[in-house]
Amino acid sequence: TFIAGYAENWLHMWASERIAQRIRSALIASVLARDALNEDAASMGELSNRLSSNIDRIKDGIGGNVGTFVR
């Protein structure tokens with residue numbers, strides 16, 4: 001059962017990494033498609049930091065919580 005548990009955990013983490021990478025790719029494509037002259041209230045560094053943090057939360061939720069739920 002140790003090997004099955006390890007494989008299950010690894011697969012959930014692998015899937016969460018792939019999903020996070022897809023979200024990051026979609027985010028970059030979306031940002032690059034926007035008008036360069038568009039100015040928002042938030043600075044680009046703040047926006048980048050918040051989006052990265054949110055993607056990491058999604059990744060952690062998918063990897064850990066879904067694995068626990070499936071068991």
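Predicted model: local features only at pLDDT ≥ 70, side-chain atom pairs only at ≥ 80, totals over all residues.
Local features need pLDDT of at least 70, side-chain atom pairs count only at pLDDT 80 or more, and totals for chains, interfaces and linings use all residues. Residues are numbered from 1 along each chain as its sequence is written, and side-chain values use heavy atoms, with hydrogens and water left out.

Student: How many helices and strands does the protein chain have?

Tutor: Helices (H or I, at least four residues) and strands (E, at least two) are DSSP runs, numbered from the N terminus. Helix α1 covers residues 2-33 and helix α2 covers residues 44-70. The count for the protein chain is two helices and zero strands.

Student: What percentage of the 71 residues count as buried?

Tutor: Buried means under 20% relative accessible area, exposed over 50%, and partly exposed in between (1.4 Å probe, protein chains only). For the protein chain, the buried share of the 71 residues is 10%.

Student: Is S16 buried or exposed?

Tutor: S16 sits in helix α1. It touches K59, I62 and G63, not counting residues up to four places away in sequence; contact means heavy atoms within 4.5 Å. At 1% relative accessibility, S16 counts as buried.

Student: Which residue meets E17 in a salt bridge?

Tutor: A salt bridge is a side-chain nitrogen of Lys or Arg within 4 Å of a carboxyl oxygen of Asp or Glu. Here the N to O distance is 3.2 Å between E17 and K59. E17 lies in helix α1 and K59 in helix α2, so the pair ties together parts that are 42 residues apart in sequence.

Student: How far apart are the closest N and O atoms of R24 and D56?

Tutor: R24 and D56 form a salt bridge. R24 is in helix α1 and D56 in helix α2, so this pair ties together parts 32 residues apart in sequence. R24 is partly exposed at 26%, and D56 is partly exposed at 28%. The closest N and O atoms are apart by 3.0 Å.

Student: What is the area of the nonpolar surface patch?

Tutor: Patches are made of residues with over 30% relative accessible area and no salt bridge; like charges are joined within 9 Å, nonpolar side chains (Val, Leu, Ile, Met, Phe, Trp, Tyr) within 5 Å. Accessible areas come from the Shrake-Rupley method with a 1.4 Å probe; for residues, only the protein chains shown count as cover. I3, one of the patch residues, is exposed at 68%. F2, I3, Y6, W10, L11 and W14 together make a patch of about 800 Å².
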